[in-house]
Amino acid sequence: MPQTLRLRALEAEVDVICPDELLATVRAQWSHCLVTQPLGEAAETIDLAPAYVGEGEEARHRVEYALASQVTYAGIRQQMGRRVMLHAAGVVDPVTQSLAILVAESGTGKTTAALNLCGDGMSYLTDETVALDDRHRALAYPKPLSFVVHSGSAHAKQQHGPDELGLTVADDDATARLLVLLDRDPTHVGPPVLEDVPLVEGLLSLVPQTSALPTLEHPLSALASLAVATGGVRRLRYREVTEAIPLLEQALADSTPLPVAPVVHRPAGPPPDPYQQHDPHRPAPQVPADGMLVRGPFTEALEDDDELVVLMGAVPVHLRGPGAVLWLGTEEPQQLATLVKECVRVFGDPGDADSLVRDVAAQLMTYGLLEAANPLA
């Protein structure tokens, strides 16, 4: 007879209907997410019985992985528009409650890094989604840790609960102090390297590893605030994470906020739909011969060190050089000739500035970053 377990993930409560064969396993793997006193109706219900088809370990791994994904998605939906959410592992110094966030794509080392750091004295926050409020405090999400069984299948992941692995679990009061992009390279030679990443480059790397970022009121500002508070985005280049543990622990202990925040640009009008699909058959916009250019709709932009990241819905765009000059110069409608003069002032005259700037403007218009100020132009 199937039984129902109530799990909590990022403040979302989910009912899981378990066949008898899976009940003990799910209970053990999700022991730190089990709800003994429900707060009300479950946000969602997941029935494992239909998915439990077949026999042996492969079938069980498939169901366990699907459960972890569905519970995580329920938590993400709960926090949409409320928190910055990163596809990352989180480990916490139990003495200082300082949180290190280890960002990486699925299957590239988050779980292994978390396991090894927790084995060296850190507490386990999560290996999947780090959700932070505007003061950079994280919700604990001690889900089972997911380990790739073999590289041939993205769904072949084995789940192990924190207790099974002997991990100490973190509480909800950890605060982010270190933000790291994991870059595991089996061919890396020499000791691990932890390097600072320029802020715009770091944001461009982080945005694809976020969940529901455009649902926040000021998405790039929220992400940049996290980067500034943690001393900037770092990148860890390494071969084996065990070699990098002292480096990460020292960086967490030494981290201090950046002294300067980036310049923020926000639209005067409504932002674009973050989930609108690009129409490949849409005619390419034309640069007006003698008309005016103005910024197209955008979600938010950040400027740092003469570079920009512009969020267009859910898509980040990197601008520098003439592209950045054109975008910055068109907050209000501006003649193309004036923009050419500004580019010549900043970069010098290459002899064909009119043609080069027009080409750059055409590219920005193609992506919706600029548009004709006169819709009839």
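**Salt bridges: exercises with worked solutions**

At 13% relative accessibility, R235 is classed as buried. The exercises below concern a predicted model.

**Exercise 1.** State how E201 and R235 are connected, and locate each residue in the secondary structure.

*Solution.* Step 1: the two side chains form a salt bridge, with an N to O distance of 3.5 Å. Step 2: E201 belongs to helix 4 (residues 199–206), whereas R235 belongs to strand 12 (residues 233–238). Step 3: the residues are 34 apart, and the pair links distant parts of the chain.

**Exercise 2.** Classify both members of the salt bridge between R239 and E243 by accessibility.

*Solution.* Step 1: the N to O distance in this salt bridge is 3.1 Å. Step 2: R239 has a relative accessible area of 28% and is therefore partly exposed. Step 3: E243, at 36% relative accessibility, is likewise partly exposed.

**Exercise 3.** Identify the network of salt bridges that contains R6, and describe the pair R6 and E13.

*Solution.* Step 2: within the R6–E13 salt bridge, the closest N and O atoms lie 2.6 Å apart. Step 3: R6 and E13 are both buried. Step 4: the structure as a whole contains 16 salt bridges.

How values were computed:
Residues numbered from 1 in each chain as written. Predicted model: local features only at pLDDT ≥ 70, side-chain atom pairs only at ≥ 80, totals over all residues. Heavy atoms only, no water. Salt bridge = Lys/Arg side-chain N within 4 Å of Asp/Glu carboxyl O. Buried < 20%, exposed > 50% of the residue type's maximum accessible area, 1.4 Å probe, protein only. Helix = DSSP H or I, 4+ residues; strand = E, 2+ residues; numbered from the N terminus.
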